[in-house]
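Open the model in your viewer and keep the sequence panel beside it. This tour tells you what to select next and what is there.

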Amino acid sequence: MAESDRPVPHRPGAVSLFFVVKAAVFALGFWSWLLVLVFTGDAVTGAHVLAAAGAVTTTLVGVLLGVRLALQRSAAVRHAELKRLLVDISWNAFAAAGNAELSGTVVPFPTAPGDDERGPRQRISSIVDRGPGERPGGRRR
């Protein structure tokens, strides 16, 4: 298969995936520590509470980071598709403007400055052109 000359779209991955795996490793450590404490100890101590809290917290953090990574990847894919679609639309519009048979079917872009309907010195009346206290309608009430 031939290599595409289009650049590869941004895909979040290495850093986000590192933190998801790191949270999973910590969760595995806390869960295994909690299991060891449960099977070897008789009474519930502060270590049991710490291991349980760590296991639940790191598991939730890992799940949230994994969901965030999945959402970022799908958003990156959608963004790349949208960019491709916009390029295709603009290219088709450019090609249609060049291939138009009638000049009235396509609105051309001005090619040189000053090609608009107004003359070079003609201005549109604005707030600056009014006198002090003068209203847009004309007379002062």
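One term comes up throughout: buried means under 20% relative accessible area, exposed means over 50%, and partly exposed lies in between (1.4 Å probe, protein chains only). This is a predicted model, where local features need pLDDT of at least 70 and side-chain atom pairs count only at pLDDT 80 or more, while totals for chains, interfaces and linings use all residues. Residues are numbered from 1 along each chain as its sequence is written, and side-chain values use heavy atoms, with hydrogens and water left out.

**The whole chain**

Show the protein chain as a cartoon. It has 2 helices and 0 strands. Helices (H or I, at least four residues) and strands (E, at least two) are DSSP runs, numbered from the N terminus. Of the 141 residues, 12% are buried. The accessible area is about 12300 Å², and carbon and sulfur atoms hold 66% of that. Such areas come from the Shrake-Rupley method with a 1.4 Å probe; for residues, only the protein chains shown count as cover.

**Residues 46–71**

Select residues 46–71. The chain here is 100% helix and 0% strand, and the end C-alpha atoms are 37 Å apart. An unreviewed UniProt entry annotates residues 12–34 and 46–71 as "transmembrane region".

**Thr58**

Stay in helix H2, residues 46–98, and pick Thr58. Is Thr58 buried or exposed? Thr58 counts as buried because its relative accessible area is 14%. Which residues touch it, leaving aside neighbours within four places in sequence? Thr58 is in contact (heavy atoms within 4.5 Å) with Ala23, Phe26, Ala27 and Phe30. Next, display Gly54. Its backbone oxygen lies 2.6 Å from a polar atom of the Thr58 side chain.

Move to helix H1, residues 14–40, and select Leu35. Leu35 is partly exposed because its relative accessible area is 48%.

**A nonpolar patch**

Return to helix H2 and select Leu85. Leu85 counts as partly exposed because its relative accessibility is 47%. With Leu85 they form a nonpolar patch on the surface, with about 380 Å² of accessible area together.

Conventions
A polar contact is a pair of N or O atoms within 3.5 Å; within protein, one must be able to donate a hydrogen and the other to accept it, and residues adjacent in sequence count only if both atoms are side-chain atoms. Patches are made of residues with over 30% relative accessible area and no salt bridge: like charges are joined within 9 Å, nonpolar side chains (Val, Leu, Ile, Met, Phe, Trp, Tyr) within 5 Å. A salt bridge is a side-chain nitrogen of Lys or Arg within 4 Å of a carboxyl oxygen of Asp or Glu. UniProt positions are given in the numbering used here, feature names are shortened, and annotations may be inferred rather than shown by experiment.
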